[in-house]
Every structure is written in structure tokens, then in C-alpha cells.
Amino acid sequence: MNLNRYILTSLMKILLVILGAILLFLAGTMIGYGIIGDGSPFKVFSPSLWNHILEFMK
């Protein structure tokens with residue numbers, strides 16, 4: 001029983017780290033595009049913007 005609790009808490013910690021990384025990535029893109037880039041912070045979620053970025057990187 002003690003091993004199951006250890007595995008569960010370890011998985012929850014890993015999930016929280018991954019979720020935190022995703023949230024920080026989204027916040028960083030909004031700050032970078034909205035404040036530094038002089039655009040609308042919510043426009044960063046536009047699929048056309050990401051298509052443009054991916055085409056630029058090719």
C-alpha cells in the first residue's frame with residue numbers, strides 16, 4: 001500500500017511540473033507577442049500566426 005501511494009504522489013508531481021511548464025510557455029508567448037512585440041496578447045493563439053512561424057522556420 002505504501003508503494004502505491006509513493007507512485008501516485010510521484011506521478012502527480014510530474015503532472016504538476018508538466019502543467020506548470022505549459023502554463024508558463026503560454027504566458028511567455030502572450031507576454032512576448034503582446035508586450036514586447038506590440039501585438040494583441042490573445043492573437044498569439046491564432047492558427048494563422050503559428051502557420052506563419054512554422055513557414056518562416058522552414
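Helices (H or I, at least four residues) and strands (E, at least two) are DSSP runs, numbered from the N terminus. This is a predicted model, in which local features need pLDDT of at least 70 and side-chain atom pairs count only at pLDDT 80 or more, while totals for chains, interfaces and linings use all residues. Residues are numbered from 1 along each chain as its sequence is written, and side-chain values use heavy atoms, with hydrogens and water left out.

**View 1. Helix H1 and the residue after it.** Aspartate 38, which follows H1, has a positive phi, near 55°.

**View 2. Threonine 29 within helix H1.** Threonine 29 belongs to helix H1 and is buried, its relative accessible area being 17% (buried means under 20%, exposed over 50%, partly exposed in between, with a 1.4 Å probe and protein chains only). The side chain of threonine 29 comes to 2.8 Å from the backbone oxygen of leucine 26. Apart from neighbours within four places in sequence, threonine 29 is in contact (heavy atoms within 4.5 Å) with Gly34 and Val44.

**View 3. The pair glutamate 55 and lysine 58.** The side chains of glutamate 55 and lysine 58 form a salt bridge, at 3.7 Å from N to O (a side-chain nitrogen of Lys or Arg within 4 Å of a carboxyl oxygen of Asp or Glu), and the count by this rule is one salt bridge. Glutamate 55 and lysine 58 are both exposed.

Key. A polar contact is a pair of N or O atoms within 3.5 Å; within protein, one must be able to donate a hydrogen and the other to accept it, and residues adjacent in sequence count only if both atoms are side-chain atoms.
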